[in-house]
Every structure is written in structure tokens, then in C-alpha cells.
Amino acid sequence: GYICTAEVIEGPADPGPPAAAPRRARYALGVAAIVAAGGVTAWIALETGAFRDALPGLEAPARRFPVAVLPFDAPGGPSPEADYFSRGISDDIAAALGRFPEFAVAAPLAVARQRTAGASAEDLQRQLKLRYLVEGNVRRSPDRIRIAVRLTDLPQGVLLWSQTYDAAPSEIFKIEDDIAARIAGALSVKVSSLERQRAAGRPTARIEAYDLVLRGRELLTRLDRRTHSEARSMFERAIELDPRQAGAMVGLGRLDLSAVALGWTGDPDAALKRAGDLARAA
């Protein structure tokens, strides 16, 4: 993303160059713009490898399948308790698909915004240049998770693949991996063994920590100091349960960046250093 931080001056023509903003102030303004415009999009794009083409030594594949994962529904009526979990699962499936270089995965936040605005499947196809759409729903009980998912070829209006999973909560990571692999197979993508291993790289299967990460992600999207404090507690608790929970480290780093951008910390230098350390740890 880009942000213009030039000073606006009213007065006679050619007033001379404005004073440059301090480096830290420019950085904080940039972060604030990203957060305000939807920092989740930037984070997901990084996590899913959307910037892979910009990295040296990695060539873009000749053909990429444009695909989007809609936020999964939680049947039984909208509730924050159900929504955070179903959205978290659909975001993670998008992240898994994004690790395949053959896929061009639409940013989940952009897809969610279009859907919230009432866009139909045809609208999504036209506005986001999609060909394939992944949809699903999640039913959750204390001891079972039921996920129904389907893959559609939008231009042809053909259902390519569908599946229903009914498993214990501890099996959620295997289900997400299986969904990504089956979608790749349905699209006849030749995936190397290495790419399959990368796509299957999941957080350690501790469901309590994973649940806390999903809750923290949901709270992080709200620009409110109290909810950010709650999110921090959830990410820290997730790391206590699972010291290798990278998603929690990413969440804590994003909280530090937001604190700098929004003026919620008295020591922005320390917060930025901590965010960098967390990113490297993740």
C-alpha cells in the first residue's frame, strides 16, 4: 500500500518544500492507513503468499486459477459466538489454498465486503475476476464439528466438488488440509510433493489455542482499545497453551503495530521492536 504524507499548505504559489515528517511519524501514519483500510487484508495477503511474485527467485506460474473462499455460514441464526469460528475456518482454508502457486486467491476481507454489500455469485465473478468459488457452512457443538463445503465453476454454473465432514474438534486441522487438497485435485492442479507439504503446514493441533487465536482475530478487527486488550489476553493465553502457535504471535505483533498507529503506547520504539521480534518468531 501507499500513503501520501505531504503537508498541505494554503498560501502563495511555490511556498517551498514542506518539512519532512519524522521517520517514525511517517511509519505510524502508514500503519494507521493500513489499519483503517483493512489491515486484515494485508495480513492475510502476506500469510497466503499473495506477494510471492515480488520475492526474488520465485517465478509466477504460467497459469493461475482465480478462486475465492466465501465466509462460511453458521446455520441457526447470526451470533458472534458462531461467526468468529466459521469465518476463521474459511480464512484458514483460503490461506492453505494461497500456498499453492497455481491459485490466485482473492483476499478474504475483500470477498466478505462484497458479500456483505449483497453481491451475488455473478457479481463476485465480475467484480473480482473469479472463476471458482468455495462456499460452506459450519455447525459446532462441544464435542463435534460438522463442515459442509462445495466448489463451483462460476462461468459454467457447475458444481465441481462437495463434501461434508463430521469430526471431533481436534480433527479441524486435518479437515482444512483435506479441503485444500481436494479442491486442488478437483481443479486438476499438478502439485509437487513440496507444495503439498507446505500447504499442509498447520499450527499444532491444540484446539483450545486455535480457538483463542480465532477469537483474538475477531476482536482485532475492531478499532477499540478495550477489545484490543481482550485480544492480547487471548493471544497470550494461546501461547501459554501452545508455545509454537504462530497465529498468536502474528496477532500480538499486529496489536503492537496498531498501538503505535493509534497512539495507545507511550513507547512506540519498543512496540515496533517487539512486533518485529514476534514476526521473526512466527
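In which sense do strand S1 (residues 65-69) and S2 pair? Strand S1 and S2 run in the parallel sense, joined over three bridges; two strands count as paired if DSSP finds at least two bridges between them. Within this pairing, Val67 stands opposite Val105 in S2.

Before going further, a word on the model: it is predicted, so to speak of local features takes pLDDT of at least 70, side-chain atom pairs count only at pLDDT 80 or more, and totals for chains, interfaces and linings use all residues. Residues are numbered from 1 along each chain as its sequence is written, and side-chain values use heavy atoms, with hydrogens and water left out.

Now step back to the whole sheet. It is open, with five strands in the order S2-S1-S3-S4-S5 and mixed pairing. At its edges lie strand S2 (103-105) and strand S5 (158-167), each pairing on one side only. From one strand to the next, the twist averages 20°. Strands and helices here are DSSP runs numbered from the N terminus (strands E, at least two residues; helices H or I, at least four).

Helix H5 (residues 172-186) lies across S2, strand S3 (132-140), strand S4 (145-153) and S5, at about 165° to S5. Axes are lines fitted to C-alpha atoms, for helices over the stretch in contact (heavy atoms within 4.5 Å), and angles run from 0 to 180 degrees between N-to-C directions.

Finally, look at helix H9 (residues 246-262) and helix H10 (residues 268-281), which pack at about 160° with axes 8 Å apart. H9 is therefore roughly antiparallel to H10, a term for angles over 145 degrees.

Note on methods:
Angles under 35 degrees count as roughly parallel, over 145 as roughly antiparallel, 65 to 115 as roughly perpendicular and the rest as oblique.
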